[in-house]
Amino acid sequence: LLGAVAPYAVRLSVASVEEAGRVAGRLYAISTLGSLAGVFVAALVLVPFAGTRRTFLVFALALAAVAALGLARRAVVAPLAVALLLVLPEGAVKATTGGDRLLHETETEYGYARVVEDPRGDRWLELNEGQARHSLIRAQRGYLTGDYWDEALVLPWATGRRAPPERIAILGSAAGTMARAYGHFFPRTRIDAVELDGELTALGRRFFDLRAPHLRAVTADARPYLRATRRRYDVIVVDAYRQPYIPFYLTTREFFSLARARLRPGGVVVVNVGHPRRSDELERVLGATMGAVFASVLRDPSERTNTQLLAAGAPASGARLAASERRLPAALRPVAAWTAARLAPRLPGGRVYTDDVAPVEWLVDAAIVRVAAEGGD
């Protein structure tokens, strides 16, 4: 509808053919300046300080006020009504279902986040559309979740390591489910929990018991952080693929080469690959790309919508993980046994993505459309 305003304004403003070019040029110049102002005011001022909903209301108020100038007096009611909405307190953006309780919701610089708790006391973090859980704490399981976070605790032993990691980096820590568990089971491990959105780390401390003896929370983007740091890690976990929002620059050969350069001898990279059910295209691409950098790439299909990929410069296998089971804390031994039984070589095929060509959006969108057309999720 707004796209029809400019050509209609040109038609109303042009009195003769001779002035058509001048009038059209002037109106489109004004429109361009307005677009620039709208983009920068929204992105740099309104969204960070007023939030997404009030940003929409501010622009709705501006449109209503401009329209009211050319209409009858009673049209003034429209901008007044919108202005009234600005002063009303914010309500919940999304309703909860099934007895779940909304504990907190907020708009961060990067999106919408909310914390939900079910009647059993299980608590989780949702982002944006809420199609996935990005952090989880179970009321009855202690530091384990019964979900993909648990596998990252044992997968490093697939190389046959004999001691817990001295230092790990978790890229995409969210509210800290994995960091919390590592700190509990391996209290001497130094943990760098890297999260782009610092407000999620704050939610982790408030709602998800985010603490560990040697925890360092870092607010940074994953790849720039790896490029800038001089630390070396025994384990680098990549859990930043928030499907369908997958940063292409975390899927390329150059990224995994950087990750390998930040590993100590014998170190591993663990990648959580979120994907639609019955869709393995993204996993194949990531497996091929990691295989172009690492000598050994294994897969752990731990969930219907999550596969863990393990990359190492040395040989790795389920047998080595099973043999290392006795070196793990007792609570992790069943997890290690189940994970060892699932571990297998990466899927064949897949294109190697590079910084120059990494069409991950096309790949993921095509998978989502195909699964949706088949009636899946």
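Biologist: Is R264 buried, partly exposed or exposed?

Modeller: This is a predicted model: local features need pLDDT of at least 70, side-chain atom pairs count only at pLDDT 80 or more, and totals for chains, interfaces and linings use all residues. Residues are numbered from 1 along each chain as its sequence is written, and side-chain values use heavy atoms, without hydrogens and water. Buried means under 20% relative accessible area, exposed over 50%, partly exposed in between (1.4 Å probe, protein chains only). R264 has a relative accessible area of 27%, so R264 is partly exposed.

Biologist: Which side chain does R264 meet in a salt bridge?

Modeller: A salt bridge puts a side-chain nitrogen of Lys or Arg within 4 Å of a carboxyl oxygen of Asp or Glu. R264 meets E166 at 3.1 Å, N to O. E166 lies in the loop between α5 and β5, and R264 in strand β9, so the pair ties together parts 98 residues apart in sequence. Helices (H or I, at least four residues) and strands (E, at least two) are DSSP runs, numbered from the N terminus. E166 counts as exposed because its relative accessibility is 53%.

Biologist: How many salt bridges does the whole structure hold?

Modeller: The search finds 20. One of them joins R211 and D209, with the closest N and O atoms 2.5 Å apart.

Biologist: In what order do the four strands of the open sheet run?

Modeller: Strands pair if DSSP finds at least two bridges between them. The order is β1-β2-β3-β4, with antiparallel pairing. β1 and β4 are the edge strands. β2 and β3 pair over five bridges.
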